[in-house]
Amino acid sequence: MFSDRDTEWAAVVESVRNVWEAVSGPAFDVQDLESPRRNVLVFYGVGGIGKTTLSQQIARRLGGDDVAMSHWAMPEPALPETVPVYLDLAKSTAFELESVVLAIRQAISSRGHRAPAFDLALSRYWEANHPGESLDDYLRARAGLGRVSSRLPEQVDEILGEVADNFGLPGLVGGLVGQSVVALVKALRDRNDHARALRCRRLPTLLEAEPDLDALSYYPHLLAWDIAQLPPKQALLPVVLLDTFEDIAERGNRKNERLINRLIWLMPNVLFVVTGRNRLQWDDGRLREKLWRTGAVRWPLLRSDVGEPRQHLVGYLSPHDRESFLAQRLISDGRPMIPREHRRLIAARSEGLPLYLDMAASLFMELRQSEGGIPPVQAFDRDFAALVTATFRDLTPDEQSVVRAVSLLESFSIELATAAAGLPRDGAAVCLVERPFVEFDDAALWPYRLHKLVRSAIRNADFDVDSRDPWSDADWRRAAQRAFDAFGAQWYRADGDRRVLVACLRAGLRLARDFALQLGWLEDAAVAFARDSAVESIDIDDPEDSMSSDAAAAHALGMTLSVIARRNNDHRQRIVEELRAVLVAGDLPERMREIPEYYIAMCERDLGNFDASMEGMRLIAQRGGRLAPDAKRGLHHLLRRLGRFRNALEIAEQLGASGKQQRTLGELWWSQGNIALACTSLAVARDQSSAAGLSGEAALCQSYLAFAAAFQDRARATVQVALAHELIEGARVGWAEMLLQVAQLVVDAGHDTELPHRADHVAASAAATGLTSLAGYARLAACFHAAVLDSAQLSDQMRLRLRDCVRGAEFAYLVEIAYMFTGRSSPSPLQADWIEGAETAKQRWSGLVTDRRAELAATGRN
């Protein structure tokens, strides 16, 4: 036994109760083939974790074995009568639906219950597919089936005899063939049903069908119908345990999984307990062409995290289970041989891996015999290289190369493993991922990973002296270079996929630093990360030793990306200081220095340090590097903040797609009150970014679109805000998230009396992170609200708060817009150079206020 698994047993108990309650209710109809199914309990996890043992012990406990898992208490009140059927799908060389169906039927027979409808169809199928082979012989020849005591063959003969008598078909006994089938089907369709069990409405159709494997896959419906007809005093709940499910869940045509999918759907009054390495994917509607019934609507509990039966990840052993295993692993005179202190240390070092615990127990015995006493506890404070040595003995030389290579990686795919190992074919990697020390996560970008303990031992333990193919330091470095190149190739092929970009950056930076590799493709990836406004953490920790120049360059680049990723969650001044520290250290290659320089200039702009930001952007633009178009756009932003709109338009028209021209134009046109043109430009910018795989930029453009649309069309803006939230959820662009808060303020202008207080909160949050522009936008939204309400007093108050965001000429145009809302000109001298003149801008902004008032009046709010 690996584990007590009390949580899993509790899930079984609750599942039995819930399924029984559902099928016992008056609304249940076993012939309903459309209602959602809630009869599958799944336990999945990595190999070697004890899933098979769990499945077997559940079967024994439900079968009344009082010795098996005696600490699993049978609940009160007692469970309904269950009939457990354990099936190991890996036992046979080829999957046989016949064996699965007959195992369930035989279990019912073992309790003395008949299944007339199913047995009639089975008789016809058997006669056609097993001529000359008796059912008795078949059952005895199949492992497991022949050991179950039942009267199945006799019951089939009895049913055939009764039907022959009831319908006057003397040739029926021995099988349904020829005219006997025709006569029986006709009698059934004429409702000449002397036998109660023959009222199953789908039986005639299935008897008429060609008796092949496809027809057999529908016979479980007949068996479910027979079970549902049992008298109340004989009613029972079959519990079918399908173990090692991964052996039939083929990722190609999935034909065998399709048969099981159909079988379970057709038997809603049976609880199926599936154990395997992978999560059951039947809730994924995209598999509808490969399986019989799919989708979250049809299998609602497979995607749920509440209610039973559902899917459970079987984790590594808990601390209690680890110590329990060690206490029972070695016994002397009824007492644990491994002392408590040793058990605690071993349990902690094991990370819950059963294989490690077993190796530790074997080592304990080895040391005890060689040293003649209890070994010191310190002997187990180790990565336990013996685990890896034992593992390597079972691996081929190619598999050894693969496992060493992937120990360099946090996670990997078959393709990455093969490339890192330098092998020409995938075979060794395919075999390796089936090992119990390889974990699988279907949702991960690269789904495989070595167990933490095994990975650590391979990297740190000196076990190569016993290996058939030891690696030198140069071998490790070559493997790191191959893996590094493979990550680069994956990123280039990903065509802008943000998830791949971030994952490859993390992996590539770590390899480049740890093995002093040249930056190579990392330079292109880092620029892409910077240009897409990415905020995902790169997580570069501090090195333990001094670094070579190549390693230091990788570390400095990683630090740069980590700092700029934090810019939306930290104050801009702190970001500036950390980026300057990277530049002062001098480890970044000259061609990479523009990344921290560009973001320093951006942060200076957000902090209101106009001159410093302008100078930084100007220098980057002059050098003509890869971020030059972005720096030009930065200059445009600065000119726009100053209200120098015509100069800003000249720069925007020169940017081109690489300079994000359409987004820049959209930002400019909304400030002129030209909302329609702004929304058009921003929509084009969003679509261009999405097509290029720039999810962060697409989310930002959509947020701007929502903000601009909010001034003109509340209904449209609500839709645009919702879409922006969807895009941001995948991209996590902090600036855009706060812009959406401002957009919502504009949407609610005139409708929410608490809006000024909300604007205060948004402005304060923006100012706390150095986002001065967003603070100004939040104040502008409050001015719009006051103008819509036509409150001169509130307008004066909101404009005063807006003035706090103005620094000289910077953002002075926002105050001018606030006066334009009310059809007035600012009493201060004009600061902004309006593209089409101040009067046109005033007409547009005051018109938007008038439109909002009309909308309020139409809804009875005014």
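I take the expected span of a helix as 1.5 Å times one less than its number of residues, and I keep in mind throughout that this is a predicted model.

**Helix α20.** I looked up α20, residues 473-494, and found that its 22 residues reach 32 Å from the first C-alpha to the last, close to the 32 Å expected. Just after this helix, Asp495 takes a positive phi of about 55°.

I then asked which residues of α20 are buried. The list holds Trp476, Ala479, Ala480, Ala483, Phe484, Ala486, Phe487, Gly488, Gln490 and Trp491. I note that an α-helix has 3.6 residues a turn, so residues three or four places apart point the same way. The cover over the buried residues of α20 includes α16 (397-406), α17 (414-421), α19 (452-460), α21 (498-514) and α22 (522-531).

**The cores.** I followed Phe487 into the largest nonpolar core, which has 187 residues, and there Phe487, Leu511, Trp670, Phe707, Phe711, Tyr777 and Phe821 touch the most other members. Helix α35, residues 772-788, gives the most to this core, with 12 residues. Leaving out residues up to four places away in sequence, I found that Phe711 touches Trp670, Ile675, Val746, Leu780, Phe784, Phe821, Trp845, Leu848 and Arg852. Another core, of 69 residues, lies apart from the largest one and has Val85, Leu135, Leu139 and Leu263 among its members.

**The whole chain.** I recorded 38 helices and 9 strands, with buried residues making up 56% of the 862 residues. Of the contacts between residues at least 6 apart in sequence, 70% join residues at least 24 apart. The chain exposes about 36,400 Å², of which carbon and sulfur atoms supply 48%.

Definitions and conventions:
Residues are numbered from 1 along each chain as its sequence is written. This is a predicted model: local features need pLDDT of at least 70, side-chain atom pairs count only at pLDDT 80 or more; totals for chains, interfaces and linings use all residues. Side-chain values use heavy atoms; hydrogens and water are left out. Helices (H or I, at least four residues) and strands (E, at least two) are DSSP runs, numbered from the N terminus. Buried means under 20% relative accessible area, exposed over 50%, partly exposed in between (1.4 Å probe, protein chains only). Contact means heavy atoms within 4.5 Å. Accessible areas come from the Shrake-Rupley method with a 1.4 Å probe; for residues, only the protein chains shown count as cover. A nonpolar core is a set of buried Ala, Val, Leu, Ile, Met, Phe, Trp, Tyr and Cys residues joined through side-chain atoms within 4.5 Å.
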